[in-house]
Structures are given as structure tokens and as C-alpha cells.
Amino acid sequence: MVTVERSSRTVEADATQVSDLPHQDVAPVLTRDKGAAPAGAPHGLRRLHYDVGDRPFLVLFELTRACDLACRHCRAEATREPDTDELTTDEILAVLDDLASLGSPRPIVVFTGGDPLMRPDLLELVRHATSSQLTVAISPAGTPRAALPLMRELRDAGVATVSFSLDGASPATHDHFRQTQGSFGWTVAACTSARRAGLRVQLNTTVTAETVAELPEMIALALRLGVSLWSVFFLVPTGRGRDLRALSASDTEDVLEFLYDAATIIPLKTTEAPQYRRVVLNHGSSSSSDPRDRGALYWDLHRRLEALGLPERGSGGRPAVADPAVGRRRPPLVVGDGRGVVFVSHRGDVQPSGFLPLVAGNVRDRPLTEIYSGSSLLQSLRDSNRLHGRCGRCEFREACGGSRSQAFAASDDPLGDDPRCPYVPGGALREPGRRESIVRGAVARALR
């Protein structure tokens, strides 16, 4: 039995799992790997060369819960004022020193929030981390704070990458989602300022039933903004997000198949949908599913993308999405909640992810490195033999493992089924012949 504690103090990590940021230690520790691919599958995934039980690859560090926005999906309702109990400068510096003591390959650290730009000591923290040979990325909120002068200061302090969130391709959609008028324009301006400052920009998009129709337009917008990576977040219904509608399992599958096609137009990754790795592996195997079994959402998204003039129609019954300047997909990295990724809250709670509110320890009591390697909770999440239900029987459990955050949100069991995955171990989808299906609710209305 794993003993865990539910956190009541966590706020959303607005850009969790920036899992591929440039980093001097990363290149030597990545390899392509079949994972749990069927026989004959290509090397479509990448794995770390080191044991993720010994050290994390990515540390998501929530510096504050303060934020000027009031986003509809925020899992802990971030506030405009900082928590009086958030970690002090010295406490954060101690955590950074602890991570640096691991030596090479050191973890990537993402400062997030809330809005990390609201921490007055942010530049001091960045300089300390980078002087200790830690790679640092920043995930600010899209507000006027993220202006060109501060972007240049962050670059000079050692930041190479920033990530901003756009959840709709228009001000009407995004501003409604973020509940702040003007947020769309601020975020677009922040992306432009970051690029002008010489920073790489990652764009994050949260997918819900009411925003999924705009994914093709989001691709076009991301290309115009010149982002280096597009991270597609699949809603975990926690906090305020409980009032939003997540995609069904079959619609999630359609979106992942669409993203597989779109990945030759724009470098992308998924967050809280690790079954994308199964999709990638299946496309390289003889057992790849029939494109005619895609659901209505898949084909509607392609029609919207084609209307934008981006892809070309291919042969063999499925759209061909290809840009000669990119041409090949970016292989997904095999990491996940508690398995190479760890989250530190503004009060020091250590969790598998910002979306999985179970506490493995607190950095005020023990070093983060000890908690990460020794926590029974985190150890269980790294052991695919501990999974049960369909995830436990699945031949892709090593390569995918399901989203532990999605499983917990659905059942309070972090080792249970991922409800957003329709795959049945052995090679079937729970809804064969989905091309006859009807997209429901807001999705259907938006795509008419």
C-alpha cells in the first residue's frame, strides 16, 4: 500500500512538462527506442540513458501562486496576492543547490506559477541556477509584465526558453478561457518580445470540448509566431477545471491522430496524453489502424486545416500533412508524472505533477533529491508492474503508462485506468468503426 497525502495547497503549473528544452546535458542522455512497440515498429520514441529513479529529468518549480489572470482551468484558483507561506529566496536557493549537486546530467528546471514574473527575486534565482549549471526555463503568464526589457534581462541571466499559453486562436476564445479581457493580445505581444530578445518560445494550448475546434487555427497562429515547440495540454478535470468538459476517450484519440499528422508541420508534444506515444509506435507497425476508422472529429479538424492552406491531400485514405522545411516528426520522450518529472509547489510540497495533488514530501523537511528517489508514491508511479486495469495489462505500459493525473482525477487511484484512452490491450479500440460516430455537444456545434 502506498501512503500518500492529498495536497490542499497546490496551484496549476501553467506550462508543465516542458520536456525537451535545450540543455547542455540532454543530448548525450537521449536515445531513440522502440519502447513497447509491436514487432517491426521503428525507433519512434526517445528514452533517457540514465535511470529516472535516480534523478529527475525535469523539475517544475512553482515559485508563487500569485497571478493577474483568473483562468477557468486553474486547478487551485491562483490569487492576485502571493501566499504568505510561499518558499523564501533562501529556501529556493537551497533546492537549486541540491539539484546541482547531482552533477551531470543535471535536471532542467522550469520556473512556473501562478506567474513567476511576480516574484521580485526571479532574476536572482535564475542567475544562481544557471551559475550552478542548471538549465532554466520560465513559464510566465501572458500579461504586460512579459515585456521586451524583462525578456532581455531573463536572457542575460541565462534563460534560453520561455513558454506562454494560448488556448484559443482568437481574443474571444482565449480571453474567455483566461477570464481576462486583453489576455490574447498581451500573450501574442509577449511571444513576439521573447523572440526579439533572442529567447526560444514554447506555446502551450489546453484542449477542452469547447476549444478543440480551434486546433487547426492554433497551428497557423503558432507558425506565425515562430514558436520552437507547441505543447498540447489535455484537460485534467481538477480545481476550476472540473467545470469544463474534457474530451471523451474516442475524441482524444481523434485529436492524437490529427496531431500525429500535424507534427510534420510544427514540432509538437502532448501533456497528460502519453498515449500519443502509442499512436506514434502504431503508425510505424503493420498493425496501424485503418484511417477510415477515424472519428468525425479527426476529419473535421483536417478539413479546417486544409481550409487554411497548410496541408496537402494524400493518398491511401488519409490526409497528408507535410512541409518540406520540417518533413519529419519529433519523436516523443518517454517521461511522465513522477517518472522523470517532478513538481515542487510554492509551499515546498513535492508532487508527481502539478495536476496530481498527492504529496511525496516537502523540501522544507528533506532534500528534493532524497524525496524524488526515496518516496514510495513516486517509486510506485515509476513501476509499470504496479498499474492495474487496462493500463496494467497494456503492451504499451512501458512506453505510455497512461496519464497518472487523468487516472487520479477520475478515480482517486493514481495507478488505475487512464479514462482518456480508448485502447484495449491486444490491439483494439473500444469503439471500432468510429467513422460513423457523431461529435457531441460544443464540438459538434463549433464544427458545423
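**Cysteines.** I looked up Cys421 and found its sulfur 6.1 Å from the closest cysteine sulfur, which belongs to Cys400, too far for a bond. A disulfide here is a pair of cysteine sulfur atoms within 2.5 Å. Cys421 is buried, at 10% relative accessibility. For my own reference, buried means under 20% relative accessible area, exposed over 50%, and partly exposed in between, using a 1.4 Å probe and protein chains only.

Next I checked Cys391. Its closest cysteine sulfur is also in Cys400, 6.6 Å away, so a bond is ruled out by distance. Cys391 is buried too, with a relative accessible area of 12%. Searching the whole structure, I got zero disulfides.

**Ground rules.** I am working with a predicted model, where local features need pLDDT of at least 70, side-chain atom pairs count only at pLDDT 80 or more, and totals for chains, interfaces and linings use all residues. Residues are numbered from 1 along each chain as its sequence is written, and side-chain values use heavy atoms, with hydrogens and water left out.

**Core.** Which residues touch the most other members of the largest nonpolar core? I found Phe111, Trp230 and Leu259, in a core of 110 residues. Such a core is a set of buried Ala, Val, Leu, Ile, Met, Phe, Trp, Tyr and Cys residues joined through side-chain atoms within 4.5 Å.

I then followed Leu259. Setting aside residues up to four places away in sequence, Leu259 touches Trp230, Val232, Phe234, Leu268, Thr270 and Tyr276; contact means heavy atoms within 4.5 Å.

**Strands.** Strand S9 (residues 229-234) pairs with S10 in the parallel sense, over four bridges. Pairing requires that DSSP finds at least two bridges between the strands. Val232 has Thr270 in S10 as its bridge partner. In S10 (residues 268-271), Leu268 and Thr270 point one way and Lys269 and Thr271 the other, and all are buried. Helices (H or I, at least four residues) and strands (E, at least two) are DSSP runs, numbered from the N terminus.

**Helices.** In H4 (residues 171-178), I listed Thr173, His174, Asp175, Phe177 and Arg178 as the buried residues. Their cover includes strand S7 (161-165), H5 and strand S8 (200-207). After H4 comes Gln179, with a positive phi near 55°.

Last, I looked at Val188, in helix H5 (residues 183-196). Beyond its neighbours within four places in sequence, Val188 is in contact with Leu166 and Leu225.
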